[in-house]
Amino acid sequence: MSTQLTVVSWNFENNGGGDSAKRLQAHERLVSLNPHLVFRQEMWGADADGNAILYELEGILGLRGWLSRDSCTAIFADQRRFQPVREWPKTGPMWVLPPTALTMRYLPAGSEAMPLCLASYHLNYGSGTNRLAEVEWLSTWADKKWTAPHGEIVRMPCLAAGDTNSYPVPGVEGDCALPVLEDIKDRPHRLHRSYVGPDGTRVMDTRPDEALRTAGLEDVARHWAVRYKDPTAVSRTVNGCETYGPDSRVDRVYATTDLLTAVTGVDVVEVPEDVSDHHIVRVTLDGDSISDVLNQQAADVAA
């Protein structure tokens with residue numbers, strides 16, 4: 001029987017805001033989802049006292065964790081499935097909230113299989129211009145190379161997840177509608193989530209989604225919703241409010257197209273607003289299919 005892998009991405013608001021009980025309960029919620037990979041955002045304070053909170057969360061999750069500079073993001077991984085090959089601490093000059101980026105080996109695929117790149121990201125909140133530059137740097141993890149055992153060089157698969165602070169390009173049944181700029185009550189937020197288009201009109205910011213898909217990183221929820229006609233995959237990840245506008249899907253998981261064959265489900269696990277202002281995005285993957293992808297690519301370069 002094939003192994004199912006569960007991947008979750010969550011912007012847990014302010015990492016619990018210093019409330020250790022709230023932080024414990026939130027991560028016990030993640031444990032109940034039985035994740036093998038956790039992409040976290042807003043890890044504030046996790047590096048204090050020698051990474052004490054990071055190690056606390058490792059203990060709760062039963063997963064090993066890696067923390068970005070300034071505790072902006074993190075990745076937690078099941079060591080029975082994943083083994084680090086290298087870290088990418090230099091993530092580019094434009095990041096306000098640096099991502100966590102790793103090259104990981106998927107152990108069930110075997111020692112000769114290709115590794116894959118993982119990135120947990122949190123795009124800039126206040127500047128659409130900077131956000132676009134950040135996402136262009138994020139796309140470089142879909143362009144990392146690996147040297148195969150016989151010396152061949154090949155591009156690795158990539159899985160990236162996080163908070164885009166922007167919107168997906170519309171067109172998928174069930175996806176949240178783009179906000180109407182004038183309906184957002186908070187005037188600075190109108191600026192933060194929009195840009196001036198070619199005709200001089202201010203429009204809502206979908207550029208990060210378009211940029212990543214141009215670079216060959218597909219929105220996994222969009223893929224699932226279209227292919228399997230499952231609109232629940234593109235459910236909201238933040239609730240509507242007067243300040244920020246209507247429900248929206250700002251939290252997304254992207255994968256290079258070679259990994260899409262391994263996807264077996266996508267959904268959004270809602271959490272109460274007093275826990276976090278973002279819901280949890282969950283993606284399930286077929287472990288055998290991942291192994292096939294990683295071994296087939298390794299075999300292709302050797303042929």
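A pocket here is an open set of grid points where a 1.4 Å probe fits, with protein on both sides within 12 Å along at least five of seven lines. Its volume is the space filled by probe spheres set on those points. The model is predicted.

Start with the largest pocket. Its volume is about 380 Å³. Twenty residues, written 20 in the count, line the largest pocket. Look for R193, V238, Y244, D277 and H278, which lie nearest its centre. What classes make up the lining of the largest pocket? Seven residues are nonpolar, seven are polar and six are charged.

Now move to the second largest pocket. This one has a volume of about 160 Å³. Its lining holds 13 residues. Nearest the centre lie L67, S68, E87, W88 and P89. Two elements, β3 (64-67) and β6 (100-106), each give two or more residues to this lining. Strand β6 supplies the largest share, three residues. By class, the lining of the second largest pocket has eight nonpolar residues, three polar and two charged.

Next, turn to helix α5, which spans residues 207-214. Which of its residues are buried? They are R207, P208, D209, A211 and L212. An α-helix has 3.6 residues a turn, so residues three or four places apart point the same way.

Finish with the cysteines. A disulfide is a covalent bond between the sulfur atoms of two cysteines. The cut-off used here is a sulfur pair within 2.5 Å. How many disulfides does this rule give? The count is zero. C158 counts as buried because its relative accessibility is 1%, and the cut-off for buried is under 20%. C241 is in no disulfide either. For C241, the nearest cysteine sulfur belongs to C176, 13 Å away. Is C241 buried or partly exposed? At 34% relative accessibility, C241 counts as partly exposed.

Conventions
Residues numbered from 1 in each chain as written. Predicted model: local features only at pLDDT ≥ 70, side-chain atom pairs only at ≥ 80, totals over all residues. Heavy atoms only, no water. Buried < 20%, exposed > 50% of the residue type's maximum accessible area, 1.4 Å probe, protein only. Helix = DSSP H or I, 4+ residues; strand = E, 2+ residues; numbered from the N terminus. 1 Å grid on protein atoms, 1.4 Å probe; cavity = no way out; pocket = protein on both sides within 12 Å on 5 of 7 lines; lining within 4 Å. Nonpolar A, V, L, I, M, F, W, Y, C, P; charged D, E, K, R; others polar.
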